Amino acid sequence: MARPKNQEERRAHLIQAVIDTTASTGLRSLSLADVARRAGLTRGAVLYYYDDLDALLSEAYRAGMERFCDRRDALRDTVGDPARLLGETIRAGLPTGPDDALMRLLYEFDVVAGSSPLHSTLVESMYERQLATYRTVLERGVDAGAFRLTLEPSTAALNLVALEDAYGLHIVAGNGQISVERAVEAMFAAAHAFGAPAV
């Protein structure tokens, strides 16, 4: 990796090194030395920017939260039609494909949740954000008269999050039977069955 010049670029460079390294080694065996090697830095140089590996992992997870949660929530300001908003929310919550390294990192956190307070806290905060995103979109659709839910919004949101996580895991694992397009179609069908048609 090319070495960036300023501190903001260096931090982004290190976060990408975490994402790339985790994609090849897995989160359980990730070390600060691995990240430093991938970034083309010494371990000491990495520690100049982050106190320890947990601090660096927290920052990498925040990058995932920004893409996975913040950007989806921002859709509410730009997409007025509830059916289209739900469709865009579903699409934006799935990996781009098996090589989506950032999404792979997020799923790795799910696997190791419970093994440390940091991992558990990060995974729970992501889950709460997912639920809140879907619940808000569904409630907006109900308020607009576009959705006639057969489930409580919180229950429908719970089901959509479960589907999102399950399909996303199959996608990053390279399951040839679950493409991104197939996952989108299946989630649209489930939302329709809940009384919330997505487009």
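The structure is a predicted model, in which local features need pLDDT of at least 70 and side-chain atom pairs count only at pLDDT 80 or more, whereas totals for chains, interfaces and linings use all residues. Residues are numbered from 1 along each chain as its sequence is written, and side-chain values use heavy atoms, with hydrogens and water left out.

Thr-42 sits in the loop that links helix H2 (32–39) to helix H3 (43–49). Between Thr-42 and Ile-19 there are 18 Å in space, C-alpha to C-alpha, for a separation of 23 residues in sequence. Gly-44 belongs to helix H3 and is partly exposed, at a relative accessible area of 48%. The C-alpha atoms of Gly-44 and Gly-174 lie 36 Å from each other, with 130 residues separating the two along the chain.

Turning to the chain as a whole, nine helices and zero strands were found, where helices (H or I, at least four residues) and strands (E, at least two) are DSSP runs numbered from the N terminus. The pattern along the sequence is accordingly written α-α-α-α-α-α-α-α-α. The C-alpha trace spans about 55 × 35 × 30 Å along its principal axes. Of the 199 residues in the chain, 47% are buried. Among contacts (heavy atoms within 4.5 Å) with a separation of 6 or more, 68% join residues 24 or more positions apart.

Helix H1 comes next. Its 19 residues reach 26 Å from the first C-alpha to the last, close to the 27 Å expected at 1.5 Å a residue; the expected span is 1.5 Å times one less than the number of residues in the helix. The buried residues of H1 are Arg-10, His-13, Leu-14, Ile-15, Ala-17, Val-18, Ile-19, Thr-21 and Thr-22. After H1 comes Gly-26, with a positive phi near 90 degrees.

Two packed helices are described by the angle between their axes and the distance between the axes. Helix H1 (residues 7–25) packs against helix H4 (residues 53–74) at about 90 degrees, and the axes are 9 Å apart. Here the axes are lines fitted to C-alpha atoms, for helices over the stretch in contact, and angles run from 0 to 180 degrees between N-to-C directions. H1 and H4 are therefore roughly perpendicular to each other, the term for angles of 65 to 115 degrees; angles under 35 degrees count as roughly parallel, over 145 as roughly antiparallel and the rest as oblique. On the H1 side the contact is made by Leu-14, Ile-15 and Val-18, and on the H4 side by Leu-56, Leu-57, Glu-59, Ala-60 and Ala-63. These contact residues comprise seven nonpolar, no polar and one charged, with Ala, Val, Leu, Ile, Met, Phe, Trp, Tyr, Cys and Pro counted as nonpolar, Asp, Glu, Lys and Arg as charged, and the others, Gly among them, as polar.

Buried positions in H4 include Leu-53, Tyr-61, Met-65, Phe-68, Arg-72 and Asp-73.

Thr-133, in helix H7 (residues 117–143), is buried, with a relative accessible area of 1%. Leaving aside residues up to four places away in sequence, Thr-133 touches Arg-72, Asp-73, Arg-76 and Thr-89. The C-alpha atoms of Thr-133 and Arg-72 are 7.6 Å apart, although 61 residues separate them in sequence.

Definitions and conventions:
Buried < 20%, exposed > 50% of the residue type's maximum accessible area, 1.4 Å probe, protein only.
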